[in-house]
Amino acid sequence: MIDLRSDTVTKPDDAMREAARDAEVGDDVYGEDPTVNELEARAADLVGFEDALYVPTGTMGNQVAVRTHTERGQEVLSERESHVVKWELGGMAQLSGLQLRSLDGGERGVPTPEQVREGYVEEDAHRPGTGLLTLENTHNSKGGIAIDPGKIDAAAEAAHDHGVPVHLDGARVCNAAVALDVPPARIAESVDSVMFCLSKGLGAPVGSMLAGSEAFVARARRNRKLFGGGMRQAGVIAAPGLAALDNVDRLADDHENARVLAERLAGIDGLDVQEPETNIVLVDTERTGLTAEAFLDDCEDAGVLGTQFDTHVARFCTHWDVDREDVETAAERVGEALDA
Ligand SMILES: *Cc1c(COP(=O)(O)O)cnc(C)c1O
């Protein structure tokens, strides 16, 4: 089976397993785990912030960030197809008592400064006030789009003009950085906090980072505890996370494999394939007469796994555990599945 459901399906390599076994540990709730402390320092450095917080998942990282930036009852401006809106169980409402005002980020999934200005609500006797703008890069639902940092800067500046902080969901910020050939810190330069996942293309078995100013991370640390994410001898899982930080440049291979996969799939009759910018390939199945669900069932029978994104949109994701030959084989199998 060639598993292209997500870049989260990778298994840790021997180096990561050895790092986990040999990790120096302590109680991280007391701040005494040297491996976690090293990971937090290196992660902060990578994205250009003073400090960072190790969290078990990207979802927790985003939700802790949202909670830390806002007060109950405020509004949050988020792109309508973004992960915090679509895939986090309405956590902003459930966990932080916030109201969403969604913005349509168009094809590239990033709101314009005008949209941010129009969406902003000033607090008064009747209106809740805007507490936060969230952005996403790469944009998952739009097909792993690597958003130009200038567009992030512009949206962030519009929010900052009103005193509104900005959180970047950078689950795949390193993919964006590699695709755009800039350091990850450049992508996050104008935002107030960024979350990125160690557990996706970087290959760690678990974990994400939330970076920001020292004061922000100190408050986020309390909210992580509140949300149940204060971990003890977490160095055991942080050690493979440290090793994962060395895998940023390797993401270029995933992008190249996605490009090859997309090219091959585009040659199959009836499939409309979005040209990938990073490691995500979106396939529209409408012209085949199949829903994405039926198409993916056929793919699975042929030995290829993907995920359904919309009625007629399937997603394939390249990652560390698939190579060039695998994606070529996957495309062949998909072609055969549709022929049968
Ligand atoms: C995967 C992902 C997350 C959440 O990460 P988990 O570790 O799965 O909770 C958040 N945002 C984006 C854009 C993602 O792709």
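**A buried phenylalanine and its partner**

F309 counts as buried, at 14% relative accessibility; buried means under 20% relative accessible area, exposed over 50%, and partly exposed in between (1.4 Å probe, protein chains only). The model is predicted: local features need pLDDT of at least 70, side-chain atom pairs count only at pLDDT 80 or more, and totals for chains, interfaces and linings use all residues. Residues are numbered from 1 along each chain as its sequence is written, and side-chain values use heavy atoms, with hydrogens and water left out.

**Aromatic pairs**

A pair of aromatic rings is described by the distance of the centres and the angle of the planes. Rings of Phe, Tyr and Trp (its six-membered ring) pair if their centres lie within 6.5 Å; planes under 30 degrees apart count as stacked, over 60 as edge-to-face and the rest as tilted. A search of the whole structure finds two such pairs. In one of them, the ring centres of W87 and F309 are 6.0 Å apart and the planes stand at 35°, so this pair is tilted. It links distant parts of the chain, 222 residues apart: W87 is in the loop between α4 (83–86) and α5 (91–96), and F309 in strand β12 (residues 307–310). Helices (H or I, at least four residues) and strands (E, at least two) are DSSP runs, numbered from the N terminus. W87, at 39% relative accessibility, counts as partly exposed.

The rings of F295 and F316 have centres 6.3 Å apart and planes at 70°, so the pair is edge-to-face. Here too distant parts of the chain are linked, with F295 in helix α13 (residues 292–301) and F316 in strand β13 (residues 313–317), 21 residues apart. F295 is buried at 1% relative accessibility, and F316 is buried with a relative accessible area of 1%.

**Strand β10 and its neighbours**

Strand β10 (residues 280–284) has four of its five residues buried, so it is largely enclosed by the rest of the structure. Two strands pair if DSSP finds at least two bridges between them. β10 pairs with β13 in the antiparallel sense over five bridges, and R315 in β13 is the bridge partner of L282.

Strand β9 (residues 272–273) also pairs with β10 in the antiparallel sense, over two bridges. D272 has D284 in β10 as its bridge partner. Six residues lie between β9 and β10, which form a hairpin.

**A charge over a ring**

R232 lies over the face of Y30, at 6.0 Å from the ring centre. The criterion is NZ of Lys or CZ of Arg within 6 Å of the ring centre and within 35 degrees of the ring normal.
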